[in-house]
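Please consult the sequence and the structure shown below while reading.

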Amino acid sequence: MTKAELDVPQKGGFSFDLCRRNEMLLKKGVQPPSFRKTGTTIVGLVFQDGVILGADTRATEGPIVCDKNCEKIHYMAPNIYCCGAGTAADTEAVTEMVSSQLALHRYATGRESRVVTALTLLKSHLFSYQGYVSAALVLGGVDVTGPHLHTIYPHGSTDTLPFATMGSGSLAAMSMFESKYREGMTRDEGIKLVCDAICAGIFNDLGSGSNVDVCVITKGHKEYLRNHQLPNPRTYISSRGYSFEKGRTVVLSTKTKQLKVLVEVTEGDAMEE
């Protein structure tokens, strides 16, 4: 076998060409890129009349809670809604894009959108970006074929389940579903179980918190229960508000710079151009 034949990489299989390069970079102290950990608890279940979706309302930016009451249940169609976990910008952009495509499809056909249509559009878009669009979704809705509940992962893979959880608090929420879910649940029983699952994520996951949003979808009707439960109320709120005295914050240094005023006098009629 000649040297030229050895240099030509073989076709098929996995390529490990960059393993030596990555090992060399690690020895030099260059850390490989890591994914951004996001916090959310989103759930969904199928009950006797339709689908119930639920989500917490905490938005985090690393260790900082940047929004205590955000909306994670996104509108897709009048009969379809979608819960989003991951990067907030990605979940909103993806759901708005697919929602507009569904609206154009309804205008063109004059028919109600099907859940499988939204599922196909979402999974195709996410798969094309190979996971770089950080959007983990729980899609639920009711169409002419009945209630449907799907989970969509950032890489484009999907599951069809009677109950589903996603996000950093998904394990705590799943423990509630696996112990209490049963087929043929009523509306009130389903809402209570969804709230219990979200609360399990809120109290056992630092990335989840604040309130519980619920969306109930049935045939020809939807009910969005914004802030259905408030498990973390503020224990003390001053009726007079909060005021901070001058000098409370330490000033490390001060610098004053005099500004020179430049006056320019022009002759002529100010109305002339």
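A crossing of two helices is called left-handed if the near helix is turned anticlockwise from the far one by less than a right angle, and right-handed if it is turned clockwise. In this predicted model, α5 passes α6 in a right-handed crossing. Ala172, Ala173, Met176, Phe177 and Lys180 of α5 make the contact with Leu193, Val194, Asp196, Ala197, Ala200, Gly201 and Asn204 of α6. Sorted by class, this contact of α5 with α6 has eight nonpolar, two polar and two charged residues. The angle between helix α5 (residues 170-180) and helix α6 (residues 187-204) is about 145 degrees, and their axes are 7 Å apart.

The sheet is considered next. Strands of a sheet pair through backbone hydrogen bonds, either parallel or antiparallel. Here, five strands form an open sheet in the order β10-β1-β2-β11-β12, and the pairing is antiparallel. Its edge strands, β10 (163-166) and β12 (221-229), each pair on one side only. From one strand to the next, the twist averages 10 degrees. Strand β1 (residues 42-47) runs antiparallel to β10 and is joined to β10 by four bridges; Val43, for instance, has Thr165 of β10 as its bridge partner.

| Helix | Lies across | Angle |
|---|---|---|
| α5 | β1 and β10 | about 165 degrees to β10 |
| α6 | β1, β2 (50-56), β11 (212-218) and β12 | about 25 degrees to β2 |

Technical notes. Residues are numbered from 1 along each chain as its sequence is written. This is a predicted model: local features need pLDDT of at least 70, side-chain atom pairs count only at pLDDT 80 or more; totals for chains, interfaces and linings use all residues. Side-chain values use heavy atoms; hydrogens and water are left out. Axes are lines fitted to C-alpha atoms, for helices over the stretch in contact, and angles run from 0 to 180 degrees between N-to-C directions. Helices (H or I, at least four residues) and strands (E, at least two) are DSSP runs, numbered from the N terminus. Contact means heavy atoms within 4.5 Å. Ala, Val, Leu, Ile, Met, Phe, Trp, Tyr, Cys and Pro count as nonpolar, Asp, Glu, Lys and Arg as charged, and the others, Gly among them, as polar. Two strands pair if DSSP finds at least two bridges between them.
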